[in-house]
Amino acid sequence: GRTGMTGRTGEPDGRQPRELRSHQWYGTDGLRSFSHRARTRQLGYLPEEHLGKPVIAILNTWSDINPCHVHLRDRSEAVKRGVWQAGGFPLEFPVATLSETFQKPTPMLYRNLLSMETEELLRSYPVDGAVLLGGCDKSTPALLMGAASADLPAVFVPAGPMLPGHWRGETLGSGTDMWKYWDERRAGIIGDREMAELERGLARSPGTCMTMGTASTLTAAAEALGMTLPGASSIPAVDSGHARMAAASGLRIVDLVREDLRPSAILTREAYEDAVATVLALGGSTNAVIHLIAMAGRSGVKLTLDDWDRIARTVPVLANLRPGGQYLMEDFHFAGGLPAFLTQLTDVLHLDRPTVGHASLREQLAQAEIHDTDVIRTRDKPLSEEGGLAVLRGNLCPDGAVIKHIAADPKLLKHTGPAVVFDDYKQLQRTINDPALGITADHVLVLRGAGPLGGPGMPEYGMLPIPDHLLKQGVRDMVRISDARMSGTSYGMCVLHVAPESHVGGPLALVRSGDLITLDVAARSLHLHVSDEELEQRRAEWEPPPAPYERGYGALFAEQITQADTGCDFTVLAREGRVPEPYAG
Ligand code: FES
Ligand code: MG
C-alpha cells in the first residue's frame, strides 16, 4: 500500500495476519499461544485491540540523563498514535541510553552493546516491525546496526537537533562554540561572568547537538540511507513538526510490515555509497567513517576507507554549517533540509532505490527545493570543491587515518615538524603546559593509547589542546595526530583513527619526541621520518601495555573489537552466519 491507506481495512493488500511473525506467538492453537494471549489480557488489552495486527516495537533511548533524548518519552506516544491508527499494535521497549556528554570513558564503548540489545530484543519478542528512537551520536548507528542484523521492517525516528544557542546577540553552536570559548577563557580573553552566561546559553532545548556534529551527520546518513521519512533528520527536536514526523513514522511502519520491506532491501551498497556522499557533502563528522563502515558490515556490504577517499574526490562540500561553516541545523531545516540538499547531488546518488518513505528518492527529490542558497550551496558555489574528509596513508598509519581538513587552518595542509609524544591522555593533560617541553607552533602533537583497545573505546580526545602559552600568542591550530576519534563538533588539523592503534603495536607506538613527521593532505600521506631498520629496532624493545580490563564487559569488548579502519564492530556481530528464529509455539 504505497498510498498509506491500504492494508488497514479488513482486506489488507500485503501480508495476511497469519503470515506475520507475531502469529507464532499469538495465533497458533498451542498452550504457549494461549499463555501469550492471557498475558496480553494481563497487560490490559482486549483481543480485538491486537490479535492479527502487526506488532510494532518502539525502541526508545529516552532517559532522564540524556538531554538529547529527553523529549523522546513524548515522541513515543506520537509514534504509538500512528501505529494504532494504521491498525498496528505498538509496544514500547526502553533500551540503553548512550549520552555523549555524560557517559565515560565514551559511549563508543557501548555502541555495539546497544546494537546487540536492539537485535536480540527484536528477535526474542513477538515483533513484526520496529520504530527506533534516538539520535545522540552512537545511538543512531547502534540502533540501525541492530535493526539491520535483525532484518525486520524498521523506521528510524531521529531525535532532532536542539534549538540554536544564544549569547549576547550571537548564536552558539553546541560543542563547537564550547571549545572556542573555553580556549578564549584559557587565553584570558573572557572571564567567569561570561562563562556563567555561556553555560546557560549553549544548549537551550532538548535535542541533539545543532551543529553538523556527529549526531546530525549520522541522522542525515540514516535519512540518505532511506531509513527515515524524507526530511526527518533536520526537524528541530521541539518543533511540533517533530511530533508529526513521529506519528507519520508510526503510521508508515505498519504498511512497511504489510509490504514486508526490510532493511536488507534498503541498505544496499548503493545506499551506503549515497550515505558516504551525503556525509562528505555535508562536511560531516569523521565519526561517520567508522560507523558507516560498521553499519555496512551488518548489511553484508564491504565499505572501506578507499571507498571514502574515492567518493571524497568527487563530492564538493555544500552545507554551510558549523564547525566547517557558519550556520546551524535549524537554518538547514528552513533552507529545505536534506531533501533540498540532495537535489544538488543527483549526479552521484542512486535515485531509484527503495526507502521507508512512500516514494523513491527520485520522486522525493523532485518535490524538494532550496530556500536559502547561502546555507545549502548550489554546485556552482561550493564551500569546498572536494569532500570534507581525506584518508591518509603512510608508514605511521599502514591501515589508514582520517582527517577533516576543511575545518582546519589551510597553512597546515602540508607541514613537517618534530613530534611531541604523549603516551596517554592523562599524561597529556598533566604535561601539555609544561614549559620544559618547549612546544612551538611547528611541533606535531602526538597522542597514543587512545584507540579502540587502548582508550578504551577510542574516546574523542583527537582535538588535542593547544598549549596555553601558544594560545596566548594567538596560535589556534597545530598538526595533531592520534589513534583517538574527535567530536564531530571539533575542528583543527587533527589526524584521527590512526590504524593500527598503538595499543596493538601500530607504528604510533614507536614514535619518539623529536622524530620528524610530515603531513601532506594533498598527497594523502602521513610520514614518519625514521628508517624501517630503526623502527624494527624500536619494535623489538616495545612492550605491549597491560589490558585495561581483567573482567566484565570491558574484557569482552577487548576480545571482540576490531580496529578503526574496519568499523570497530565486534567480530561475532560483524561476521556472516546463521542465527535461528526462536521457536515460539
Ligand atoms: Fe548528544 Fe551531541 S551530546 S548529540
Ligand atoms: Mg559529539
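Biologist: What makes up residues 374-568, and how far apart are the end C-alpha atoms?
Modeller: In this predicted model, the end C-alpha atoms of residues 374-568 lie 36 Å apart. The span is 16% helix and 18% strand.

Biologist: Which UniProt annotation covers that span?
Modeller: An unreviewed UniProt entry gives residues 374-568 as "domain: Dihydroxy-acid/6-phosphogluconate dehydratase C-terminal".

Biologist: In what order do the eight strands of the open sheet run?
Modeller: The order is β7-β8-β12-β11-β10-β9-β13-β14, with mixed pairing.

Biologist: Why do β7 and β14 stand at the edges?
Modeller: β7 (390-392) and β14 (525-528) each have a single partner strand, so one side of each is left without a neighbour in the sheet. From one strand to the next, the twist averages 30 degrees.

Biologist: How do you know that β13 and β14 pair?
Modeller: Pairing needs at least two bridges. Strand β13 (residues 516-520) and β14 have four bridges, in the antiparallel sense. Therefore they count as paired. Serine 525 in β14 is the bridge partner of aspartate 520.

Biologist: How is the packing of two helices described?
Modeller: By the angle between their axes and the distance between the axes. The axes of α9 (residues 214-225) and α12 (residues 269-282) come within 8 Å and cross at roughly 140 degrees. The crossing of α9 past α12 is right-handed.

Biologist: Which residues meet there, and what are their classes?
Modeller: Thr217, Ala220, Ala221, Ala224 and Leu225 in α9 meet Ala271, Asp274, Ala275, Thr278, Val279 and Leu282 in α12. By class, the contact has eight nonpolar, two polar and one charged residues. Asp counts as charged, so Asp274 is the charged one.

Note on methods: Residues numbered from 1 in each chain as written. Chains lettered and ligands numbered in written order. Predicted model: local features only at pLDDT ≥ 70, side-chain atom pairs only at ≥ 80, totals over all residues. Helix = DSSP H or I, 4+ residues; strand = E, 2+ residues; numbered from the N terminus. Axes fitted to C-alpha atoms, helices over the stretch in contact; angles between N-to-C directions. UniProt positions renumbered as here; feature names shortened; annotations may be inferred. Left-handed = near helix turned anticlockwise from the far one by under 90°. Contact = placed C-beta atoms within 7 Å.
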